[in-house]
Amino acid sequence: MTEKRRLTQFHEMELDDRILKAISKLGWSEPTLIQEAAIPLLLEGKDVIVKARTGSGKTAAFALPLLQKILNSKLNAAEQCISGLVLAPSKELCQQTRKAMEQMSEKCGKVLRVVDLSSNDVVAQKHVLSERPDVVITTPAKVLSHLQSGAMDLKHLETLIVDEADLVFSFGFEKDIKKLVEYLPPIYQAILVSATITDEVMNMKSIILNNPVILKLEEPELVPESQLSHQRILAEENDKPAILYALLKLRLVRGKNVIFVNSVDRCYKLKLFLEQFSIKSCVLNSELPAKIRIHTINQFNQGIYDFIIASDEHMLENPGRNKSDRESGASRGIDFQCVTNVINFDFPKDVNSYIHRAGRTARGNNKGTVLSMVSIKDKAINDEVEERLKAGYMSDEQIIKNYQFKMEEVEAFRYRAKDAWRAITRTAVHEARVREIKAEIFNSEKLKGFFSENTRDLQVLRHDKPLKTVKVQPHLSHVPEYIVPKALKRIATTPITSTSASTSKKPRYFNSSAKAAYENKSNNPLLCSEIDFGKKPGGGKRRK
């Protein structure tokens with residue numbers, strides 16, 4: 001048998017002790033395959049195209065060498081200047097990259113400064129740029145506007161990094177990149193990082209790279225089967241709400257979950273549906289402003305919400321949409337932390353979307369599950385996904401296993417789910433979106449000045465017609481014991497309604513076991529036929 005090849009460790013890569021301490025604090029015991037291959041090449045100063053799957057550690061693969069090079073150059077630097085420029089397709093990715101690089105340079109103190117210019121506050125950005133930070137992270141359009149205004153100077157730039165390069169080019173930033181090259185110095189190191197190498201990436205290779213090394217690891221697109229399991233439930237459109245309701249309320253799906261649908265309207269419909277059962281969730285989609293999207297992601301990552309509903313609409317199907325719409329497809333790039341399950345409420349429209357959705361879970365060394373609801377019309381795409389996974393895992397066995405789920409056992413859930421789903425009309429979805437936009441208007445810092453001068457406009461907004469919201473019925477938040485399947489009564493951890501609310505408020509010594517058994521029976525409509533509700537409790541025979 002061949003022995004397993006030993007990985008080169010971080011301390012053997014000629015990294016600064018301060019960076020090694022930060023790596024140790026982050027809990028990284030050893031580099032990933034892409035980090036082991038890329039870091040030495042980048043420290044040598046070579047131009048590199050890095051291709052690796054989502055969640056493989058690409059950010060650290062380019063960030064660690066960049067920070068090390070800056071520390072080396074500072075030893076002989078005559079003046080403070082911008083040494084590294086990182087370009088990303090969206091504000092969320094810019095913020096994530098900045099946070100990651102700050103963690104990696106934490107032990108360097110004030111020696112290294114990393115800034116994110118993807119926000120909309122131009123005045124604050126100019127002030128930050130005047131201090132010449134070491135690393136600037138932003139979108140191509142933002143950096144170009146600062147260069148054209150003279151607020152930014154890249155004459156001393158040493159390293160240019162384009163993260164998620166395929167998205168940067170496909171989002172329409174190609175012209176911005178070509179104009180950006182005019183402001184770059186004659187000699188600099190360029191790095192393109194991407195999960196897929198498209199024709200656009202290869203076309204840009206000759207423009208910003210010089211004799212690059214293409215680093216393409218021979219690895220599956222997804223983590224091993226032992227770390228990520230793929231399961232499916234055969235379900236038609238009418239069955240999906242009942243199945244999701246049962247899965248969540250019976251706690252068959254636990255931990256943090258990303259639920260994917262195929263459109264923005266479906267995001268809101270599903271959110272309103274879950275609200276009726278007191279299941280808190282948040283929505284991430286292309287209609288939301290960047291600040292709200294980032295805030296939503298942070299709330300999910302902090303554990304305020306266990307369910308986030310996202311859409312990854314295909315920009316090619318709607319070529320007229322603007323860049324901000326395209327930036328926010330959630331199946332790529334965005335770092336949802338500690339996700340246990342990805343639930344495909346709507347099956348993805350192509351194989352790549354499935355792969356990228358699945359990449360939201362089982363990141364690093366964590367385990368995860370992809371659970372998909374597959375209808376008859378999705379069969380062709382499901383078969384394509386199956387073949388792709390078999391080829392990736394080099395296996396002849398079925399990869400996407402059938403989830404053991406019997407619809408007849410949760411038939412009682414269907415009535416509740418059907419009524420709740422039907423209650424969410426197009427008008428309700430539309431007004432839910434209007435309500436969210438109004439909230440953003442009222443909270444907008446930019447509009448506060450406008451409203452202070454135009455108070456009538458603010459009053460008109462505040463006294464607009466009341467929105468028709470979906471009525472939430474409190475009793476739906478509980479699952480009566482009689483509708484829980486027998487096989488799950490012992491293992492289901494959901495709060496089950498068996499006693500009245502008034503009974504639960506009484507002191508403990510009033511609740512005898514006999515009385516509790518009687519109340520359980522009287523509150524169960526399937527077991528109460530022998531009880532005479534006309535008889536007064538505790539009463540005996542009437543006196544003559």
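Figure 1. Asn257 of strand E9 (residues 257–261) stands opposite Phe307 in strand E11. The structure is a predicted model, in which local features need pLDDT of at least 70, side-chain atom pairs count only at pLDDT 80 or more, and totals for chains, interfaces and linings use all residues. Residues are numbered from 1 along each chain as its sequence is written, and side-chain values use heavy atoms, with hydrogens and water left out. Helices (H or I, at least four residues) and strands (E, at least two) are DSSP runs, numbered from the N terminus. Two strands are said to pair if DSSP finds at least two bridges between them. E9 pairs with E11 (residues 307–311) in the parallel sense over 5 bridges. Strand E12 (residues 341–344) runs parallel to E9 and is joined to it by 4 bridges; in E12, Ile343 is the bridge partner of Ile259.

**Figure 2. The two faces of strand E9.** In a regular strand the side chains alternate between the two faces of the sheet. In E9, Asn257, Ile259 and Val261 point one way, while Val258 and Phe260 point the other way. Are these residues buried or exposed? All are buried, where buried means under 20% relative accessible area, exposed means over 50%, and partly exposed lies in between (1.4 Å probe, protein chains only). Because 5 of the 5 residues of E9 are buried, the strand is largely enclosed by the rest of the structure.

Figure 3. Strand E1 (residues 48–51) pairs with strand E6 (residues 189–194) in the parallel sense over 4 bridges, and Leu192 in E6 is the bridge partner of Ile49. E1 is also joined by 4 bridges to strand E7 (residues 213–216), and these two run parallel. In E7, Lys216 is the bridge partner of Lys51. Ser194 lies in E6 and counts as buried, at 2% relative accessibility. What is Ser194 in contact with, leaving aside its neighbours within four places in sequence? Its contacts (heavy atoms within 4.5 Å) are Val50, Lys51, Ala52, Lys58, Glu164, Ala165 and Asp166.

Figure 4. In helix H5 (residues 122–130), Gln125, Val128 and Leu129 are buried. These residues cover an arc of only 95° around the axis, which puts them on the same side of H5; the arc is that of the directions from the helix axis to the C-beta atoms. An α-helix has 3.6 residues a turn, so residues three or four places apart point the same way. Val123, His127 and Ser130, on the other side of H5, are exposed. The cover over the buried residues of H5 includes strand E3 (114–116), strand E4 (135–138) and helix H6 (140–149). After H5 comes Arg132, whose phi is positive, near 50°.

Figure 5. How many aromatic pairs does a search of the whole structure find? The search finds 6. Rings of Phe, Tyr and Trp (its six-membered ring) pair if their centres lie within 6.5 Å; planes under 30 degrees apart count as stacked, over 60 as edge-to-face and the rest as tilted. Tyr245 and Phe277 form a stacked pair, at 4.0 Å centre to centre and with 20° between the planes. Tyr245 lies in helix H9 (residues 240–249) and Phe277 in the loop between helix H10 (264–275) and strand E10 (282–284), so the pair ties together parts that are 32 residues apart in sequence. Tyr245 is buried, with a relative accessible area of 1%, and Phe277 counts as buried at 0%. Phe347 and Tyr354 form a tilted pair, 6.0 Å centre to centre with 40° between the planes; both residues are buried. One aromatic cluster is formed by Tyr245, Phe273, Phe277, Phe345, Phe413 and Trp421.

**Figure 6. Lysine residues over aromatic rings.** A charge sits over a ring if NZ of Lys or CZ of Arg is within 6 Å of the ring centre and within 35 degrees of the ring normal. Lys240 lies over the face of Phe345, at 5.8 Å from the ring centre. The charged end of Lys256 sits over the ring of Phe300, 4.7 Å from its centre.

**Figure 7. Leu250 and Val484.** Leu250 is placed in the loop between H9 and E9 and is buried, with a relative accessible area of 1%. Leu250 and Val484 are 234 residues apart in sequence and 8.0 Å apart in space, C-alpha to C-alpha.
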